[in-house]
Amino acid sequence: MTISQPTQAQVLHNYIGGKWVSSEASETQQIHNPATDEVLALVPLGNRHDIDKAVEAASAAFPAWRATPPQERARYFFKLRQLLDEHREELARLITTEMGKTLDDARGEVQRGIENVETACGIPSLMMGYSLEDGAARGIDEEVIYQPLGVFAGITPFNFPFMIAFWFWPYAVACGNTFILKPSEQDPIVQKRVFELIEQVGFPAGVINMVNGGKEAVNALLEHPRIKGISFVGSTRTAQYVYAQAAAHGKRAQASGGAKNAIVVMPDADLDMYLGTIMNSCFGAAGQRCLANSLILTVGSAHEAVRSRIVEAASRLRIGNGLDKGIDMGPVVSAAARDRIASAITRGIEEGAEAVLDGRQVHIPDHPQGYFLGPTVLDNVKPEMSVYQEEIFGPVIGLVPVASLAEAIELINAKEYGNAASIFTQSGFAAREFRYRVETGNIGINVGVAAPVSYFPFSGAKSSFFGNLHPQGRDAVRFFTESKVVITRWTPGDGQQSITGIGR
């Protein structure tokens, strides 16, 4: 991490109470274009004073926003959806410039974020409760209503700087809460642009706020007594910390962690049809996805065909600046990430894996300062190796030969992570056995990236998720509301005589 005092580069501001305000931070961090190493801006490492201001603004806005009817709250999101759609190409280019993924990848990210806004537009239906006449006893009706709680906060990662924020705050705000977003300090520029569009929408001041920062800002959010809940996506170690600290301070939390996702390829898999899907699931966004597949478990005779086809296809991937036409894979997010991934590859080779394709020495003449790695394929990876056990979060896959589907399922279930797993097969029996027995939250059947759409939950499990209610869809609505049971006995009153013959 590069810490510096402000230079002529743009210093980002916070958005608090409907206004752009300077941070009280004494330190800033450089934001680099990972393809060129160019300094794009400086992000302030916000402190507790910044968080206090945001909480104060969000708390002040809550009573009036909570009293706003859901259909009126939804209208703000219809307008936001329109603005995001009008600016989708601009937003995608910002993502690529500060994060590194290809422009097509970034366009897909923008689309998924917009879809969450579209889902939040349906809040009048999503937030409905339920009731039953005579539910408690004769003449006593019972109902459940869902109500907002107050101020929520979200802490988002670098790999989807646009989309993941929309897993959280649209649902929270549509439900009648107010919100504070802390974007990743590695690539917060696209959220600056998003909040400029939010400002155009005209949400009441304090309903949605943004504070830039690092660890101190995170701790301030976790500890603040007026914040009701925390949403988080990041590494498993940090997710565990966020979940524990939130609980210790009386907050609800949904904390998504790391992953070590696997693909199982059966001997009957149609590689001609699905090779592109498998490649994208491994090397899309340079492997920096929480749903990226970094292990391929090849069953029986599938191994040789999978190995040769994967290596051939990976060797043809065009690497470069994600803004350039024809590029298949961009850089990783930072020089530190590049060096860490290269070290993981080296360690895997030292442990006995065979590098059938080695991307550590890739050179991009047009961008010699960029943080580039080529696709790497390690064969004969074994469960005791670090490259099998640890999340690398880069363009590295390990080929793991197994004798049977049962062995593959056993290996997947033995792992501490439980984000996603996929199988490629033409056998309905194998597909059902896989979905029935595999212990991950997201399952792909002939689908490489098992990414739920916005009206389904993003269902990580085991050490990939800490909490009970997942991001997106109905799970998100339940997370951002409290259920209240109302039991009513209807008794005759002064107007009894006017309804003679109707009473019990």
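Colleague: Quick one. Which residue in β7 is the bridge partner of Ser-131?

Modeller: Glu-143 is the partner. Bear in mind that this is a predicted model: local features need pLDDT of at least 70, side-chain atom pairs count only at pLDDT 80 or more, and totals for chains, interfaces and linings use all residues. Residues are numbered from 1 along each chain as its sequence is written, and side-chain values use heavy atoms, with hydrogens and water left out.

Colleague: How many bridges pair β6 with β7, and in which sense?

Modeller: Strands β6 (residues 130-137) and β7 (residues 140-148) are antiparallel over 4 bridges. Two strands pair if DSSP finds at least two bridges between them. Strands (E, at least two residues) and helices (H or I, at least four) are DSSP runs, numbered from the N terminus.

Colleague: What sits between β6 and β7?

Modeller: 2 residues, in a hairpin. Gly-139 in the turn has a positive phi of about 80°.

Colleague: Which residue of β23 does Glu-143 pair with?

Modeller: Val-486 is its bridge partner in β23. Asp-141 stands opposite Thr-488 in that strand. In total, 9 bridges join β7 to β23 (residues 481-489), and the two run antiparallel.

Colleague: What sheet do these strands make?

Modeller: An open sheet of 3 strands, ordered β6-β7-β23, with antiparallel pairing. β6 and β23 are the edge strands, each pairing on one side only. The twist averages 30° from one strand to the next. Axes here are lines fitted to C-alpha atoms, for helices over the stretch in contact, and angles run from 0 to 180 degrees between N-to-C directions.

Colleague: How do β14 and β17 run, parallel or antiparallel?

Modeller: Parallel, with 5 bridges between β14 (residues 293-299) and β17 (residues 396-402). Ile-296 is opposite Leu-399 in β17.

Colleague: Helices now. At what angle do α10 and α11 pack?

Modeller: About 60°, with the axes of α10 (residues 271-283) and α11 (residues 302-315) 11 Å apart. That makes α10 oblique to α11. Under 35 degrees counts as roughly parallel, over 145 as roughly antiparallel, 65 to 115 as roughly perpendicular, and the rest as oblique.

Colleague: Which residues of α10 and α11 meet?

Modeller: From α10, Leu-271, Asp-272, Leu-275, Ile-278, Met-279 and Phe-283. From α11, Ala-305, Val-306, Arg-309, Ile-310, Ala-313 and Ala-314. Contact means heavy atoms within 4.5 Å. By class, that contact has 10 nonpolar, no polar and 2 charged residues. Ala, Val, Leu, Ile, Met, Phe, Trp, Tyr, Cys and Pro count as nonpolar, Asp, Glu, Lys and Arg as charged, and the others, Gly among them, as polar.

Colleague: And α2 with α7, what are the angle and axis distance?

Modeller: About 135° and 9 Å, for α2 (residues 70-86) and α7 (residues 189-201). α2 and α7 are therefore oblique to each other. Tyr-76, Lys-79, Leu-80, Leu-83 and Leu-84 of α2 touch Leu-197, Ile-198, Gln-200 and Val-201 of α7. By class, that contact has 7 nonpolar, 1 polar and 1 charged residues.

Colleague: Last thing. What does UniProt place at residues 20-486?

Modeller: The feature "domain: Aldehyde dehydrogenase", from an unreviewed entry. UniProt positions are in the numbering used here, feature names are shortened, and annotations may be inferred rather than shown by experiment. Over residues 20-486 the chain is 40% helix and 22% strand, with the end C-alpha atoms 42 Å apart.
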